[in-house]
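The sequence and structure come first.

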Amino acid sequence: MGKYHGHANTVLRPRTTEQVSEIVKYCASQRIGVVPQGGNTGLVGGSISLQKEIVLSLGAMNNVRSFDPVSGILVADAGCILESLSNHVAPYNHIMPIDLGAKGSCQIGGNISTNAGGLRLLRYGSLHGTVLGLEVVLPDGSILDQLSTLRKDNTGYDLKQLFIGAEGTLGVVTAVSILTPPAPQASNNIFLALPHFDNILPLFKTVKRQLGEIMSAFEYIDRTAYDMGIDHGLGPILNPDEVGDAQCFVLVETSGGNQDHDLEKLNNLLENLMSADEPLIYTGTLSQSPSQFASLWAIREGLTECVQREGKPYKYDVSVPLAKFQSVVDAVRERMISKGLYGDHAISKVMGYGHIGDGNLHLNVIAKHGYRPELEAALEPFIYELVASHKGSVSAEHGIGSMKTHALHYSKSDVSIEWMRKIKQVFDPLNIMNPGKVLP
C-alpha cells in the first residue's frame, strides 16, 4: 500500500527463543524499543518502527516442532509461514483453522499476535479457541513457557489469551501450539446474484437452515466490487444477462464428509431458491470441478489485489450488524459526494465486501491518484463515528496497530482502555515492546 514507512536502522533475525530472550534482556537494560515483525502483511502499521526501535524479525524461526496426527495438535515456531504449515499438515488430512489471502507470506506468530480472522472463522472459530498454548518472551527477557498441548487445563488464569491480539505490546510470541481440524472430505461452493441487499439476511437464514453443519463460509460482495473484479479478469462467473441489475453477490462454501450428501443439499438449496414465489436471488452457479471451485473463490480472494490496481485504498476493517453492511458503504459514498470528492479526480470507488458469517465488513475507499490529507479528513473520524453509531468495532480482524490508536475509544470504554493500560504497565513498565501501538 505504501502508506507506512518504518524508521528502524537495525533489524535482528534470531533463530531461537533463547536468542530472542537475550536480545530483549539487552534492550530492556538499555531501554531500547523492540518491534516484533512477522511477514509484514498487516494493514494498520503494527509492525513498523516509529521511533528507530529495533525490528525483531522472526522469519528465521521457522521450524515445526511437532505434529500429532491423532489429536491434530501442531507445535511450531512463530516464524513459520501459514501456507507452509498448511502444507505440513495436509498429508495427515488436516488443515489450519485459519486461512488468509496473505497465507503465502504471513507468519503464524503474527496471525496470533493480531488475532487474525479470515475465511474459516465461521466454521472453526477464532484463535482464542484454537490456540492451546504459547511460548512468549516477556519484556524483561524472561521466557513464559505455556506451550501446552492439552485441550483442557483449568488451572488458574489463562495467560495465553492476553497475548492473542496484543500485537506484540506485551511480549514476543516465539512458538505456538494450535489445534488443526481434520480436512473436509468434500468441499463445494455456490455463487449467487441478489437483486438487492435486503435479501442478504433472509438468504443467510435460509442457507443456514438448509445446509446446517456443512456451511463453512458465507461471503458478501457488493456490485461495485464485483464489477471491478470482472474488469480485472476475475470472471465472468455468471451470465451477464442473468445477473442484470443485481446489487450484490454471495459466495457460500460447504465442507463436509460425504460429497453425494453435500451436493444433494446444495442442489436442493439452489432449486428452492430459484423456484420460490418471491425468489431471493436472480441466478446462481454450483461449482462442478476443483478448477471451478477455485474460480469461484478467486473472485472473492482476488479483490484485494484488484483494489491495489485501482489506486491507493483507504481500507477499513470493521464489524457492524449484518443489516447495516450496505448502509455503511452507501453513507461513506454519499459523504464523499457531498464533499465534492467523488469521481476520478479524488475518490473513484467506495465498495464493500466481507464475511457475513461473522459480521466483518471490508470497506474500501479508493483514491485514484493517491492519498491526500483532504481525503483522509473527509473519511475520518466520520467512518469511526458511523461504526460507533451502530455499536460496531473499528477493527474486526486487522488490529489497531499505529493506524487506529486514536480511534480505540470508539469501540472501547474509558474503563476498558484504563485496564488495558494497567495490564501493559504490569507486563512492560519500561514501554519497550512495540511502543506506539494499540494504546493511545
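In this predicted model, Glu22 and Lys25 form a salt bridge, with 3.8 Å between the closest N and O atoms. Both belong to helix H1 (residues 17–30), and because they are three residues apart there, about one helical turn separates them. Lys25 has a relative accessibility of 40%, so Lys25 counts as partly exposed.

A second salt bridge joins the side chains of Lys265 and Glu213, at 3.6 Å from N to O.

Glu310 counts as buried because its relative accessibility is 16%, and the cut-off for buried is under 20%.

| Salt bridge | N to O distance |
|---|---|
| Glu22 and Lys25 | 3.8 Å |
| Lys265 and Glu213 | 3.6 Å |

Next, the strands. In a regular strand, side chains alternate between the two faces of the sheet. In strand S2 (residues 34–37), Val34 and Pro36 point one way, Val35 and Gln37 point the other way, and all are buried. S2 runs parallel to strand S3 (residues 54–57), and four bridges join the two. Opposite Pro36 stands Leu56 of S3.

What does the secondary structure of the whole protein come to? There are 16 helices and 15 strands. The radius of gyration is 22 Å, which agrees with the value near 22 Å that a compact globule of 440 residues would have. Along the principal axes, the C-alpha atoms fill a box of roughly 70 × 60 × 40 Å.

Of the 440 residues, 52% are buried. Among contacts with a separation of 6 or more, 74% are between residues 24 or more positions apart. The protein exposes about 19,000 Å², and carbon and sulfur atoms supply 50% of that area.

Conventions:
Residues are numbered from 1 along each chain as its sequence is written. This is a predicted model: local features need pLDDT of at least 70, side-chain atom pairs count only at pLDDT 80 or more; totals for chains, interfaces and linings use all residues. Side-chain values use heavy atoms; hydrogens and water are left out. Buried means under 20% relative accessible area, exposed over 50%, partly exposed in between (1.4 Å probe, protein chains only). Two strands pair if DSSP finds at least two bridges between them. A salt bridge is a side-chain nitrogen of Lys or Arg within 4 Å of a carboxyl oxygen of Asp or Glu. The radius of gyration is taken over C-alpha atoms; the globule rule is 2.2 Å times the number of residues to the power 0.38. Contact means heavy atoms within 4.5 Å. Accessible areas come from the Shrake-Rupley method with a 1.4 Å probe; for residues, only the protein chains shown count as cover.
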